[in-house]
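Hi,

Here is the structure for your files. Please look through the model first, then read my notes below.

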Amino acid sequence: MENHTNVTEFILTGFKSHPGSQFFLSVLFSTMYIVTVVGNACMILIIRMDSKLHTPMYFFLENLSILDICYSSVITPKAALAFSLGRRIISYNGCASQMFFFSLFGTTEAFFLAVMAYDRFTAICNPLLYQIIMNKRLCVFMVVGSYLSGCINCTIQTGFTFSLSFCGPKEIHHFFCDVPAVMHTSCSDTLVNEIVMLAVCGSIIVGTALVVFISYVYIIITIVQMPSAESRHRAFSTCSSHMLAVSLFFGTVFFMYAQPGATSSPDKSNTISILYTVVIPMLNPFIYTLRNKEVKGSLKKQLKRKGF
């Protein structure tokens, strides 16, 4: 497909139909972004400062926190600025760059959640072999592999989307350059692109979700068979945070990308997109902190050292 675009910039029109709420949205997005950065940065510091947390599980959690900061930074500051100052114009190259990095970090997060599920499966179902299986080399390989998978997907999605022609109108009915929203503005036939998006995104989402599902089926079976209630409670507490994070992420992402006609309802996608671009990265450090005794214990210890 050749690109004969006459468009050099786009206008992000997401939530523009509610002018009275622009200031509120700007404050809301800015606040959530600050909480996201501070919360995830604190999670990274807690893990790095406590040697007891230098385990595969917290290695993945630290990388997830770094990823969430990057993930949110691609979208939220630009959106908050647009709401507060009305600067909704984004250049053609800026839109392509935003889509590239958003797809990169979003895809990588899906693989991270699958990797973390496998880690919990190994810890609970094969505890005696856990240290041997989840060695440092494998952990690093999984993290690098997740990013490489994200690179492959974002290259495909961005390349196929911006190979379309954009001859006007320039309005993108979204608050950022998401694949379905940008595709919706094209004056080309997007059937092939929609099929590619459905095939690639669908296979990634279904594949990673399947790894999570199978891992937790075995985990639940193992927990049920544990002899003592204390053991069952301890095992479940190490997985409950991850199960909640997985449910939030895959539920919203599947709704957006892994079903036919994902480009047909841009207005509905605006609200759903806020969940996985802004809310979930903000909630993740709280989910993993409030339901994790080791992290809470480490946080209390660090605060005591600082005199709090």
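**What I found**

Of the 308 residues of the protein, 49% count as buried. Buried means under 20% relative accessible area, exposed means over 50%, and partly exposed lies in between (1.4 Å probe, protein chains only). This is a predicted model: local features need pLDDT of at least 70, side-chain atom pairs count only at pLDDT 80 or more, and totals for chains, interfaces and linings use all residues. Residues are numbered from 1 along each chain as its sequence is written, and side-chain values use heavy atoms, with hydrogens and water left out.

**Layout**

The protein has ten helices and three strands. From the N terminus on, the order is β-α-α-β-α-α-α-β-α-α-α-α-α. Elements are DSSP runs numbered from the N terminus: helices are H or I with at least four residues, strands are E with at least two.

An unreviewed UniProt entry places the feature "transmembrane region" at residues 23-47, 59-80, 100-118, 138-160, 195-223, 235-258 and 270-290. UniProt positions use the numbering used here, feature names are shortened, and annotations may be inferred rather than shown by experiment. I looked at two of these stretches in the model. Residues 23-47 are 100% helix and 0% strand, with end C-alpha atoms 36 Å apart. Residues 138-160 are also 100% helix and 0% strand; there the end C-alpha atoms are 33 Å apart.

**Helix H1**

H1 covers residues 22-49, which is 28 residues. From first C-alpha to last it reaches 40 Å, close to the 40 Å expected at 1.5 Å a residue. The expected span is 1.5 Å times one less than the number of residues. Buried positions in H1 include Gln22, Phe29, Thr36, Asn40 and Ile47. Leucine 28 also sits in H1. Leucine 28 is partly exposed, at 31% relative accessible area.

H3 has 34 residues, which should span 50 Å at 1.5 Å a residue; its end C-alpha atoms are 49 Å apart, which agrees. H3 is mostly covered, with 26 of its 34 residues buried.

H3 and H7 pack at an angle of about 20°, with axes 9 Å apart. That makes H3 roughly parallel to H7. Angles under 35 degrees count as roughly parallel, over 145 as roughly antiparallel, 65 to 115 as roughly perpendicular, and the rest as oblique. Axes are lines fitted to C-alpha atoms, for helices over the stretch in contact, and angles run from 0 to 180 degrees between N-to-C directions. The H3 and H7 crossing is left-handed. A crossing is left-handed if the near helix is turned anticlockwise from the far one by less than a right angle, and right-handed if clockwise.

**Aromatic pairs**

Rings of Phe, Tyr and Trp (its six-membered ring) pair if their centres lie within 6.5 Å; planes under 30 degrees apart count as stacked, over 60 as edge-to-face, and the rest as tilted. The count by this rule is 18 aromatic pairs. Take phenylalanine 121 and tyrosine 218: their ring centres are 5.9 Å apart and their planes are at 65°, so the pair is edge-to-face. Phenylalanine 121 lies in H3 (residues 92-125) and tyrosine 218 in H7 (residues 191-224), so the pair ties together parts that are 97 residues apart in sequence. Tyrosine 218 is partly exposed, with a relative accessible area of 47%. Ring pairs also link Phe29, Tyr71, Phe83, Phe102, Phe175, Phe176 and Tyr276 into a cluster.

H5 (residues 136-161) packs with H7 at about 165°, with axes 10 Å apart. That makes H5 roughly antiparallel to H7. The crossing of H5 and H7 is left-handed. Threonine 158 is in H5. At 10% relative accessibility, threonine 158 counts as buried. Threonine 158 and methionine 99 are 59 residues apart in sequence and 6.5 Å apart in space, C-alpha to C-alpha.

Leucine 248 is in H8 (residues 229-257). Leucine 248 is partly exposed, with a relative accessible area of 33%. The C-alpha atoms of leucine 248 and asparagine 284 are separated by 9.9 Å, and the residues are 36 apart along the chain.

Best regards
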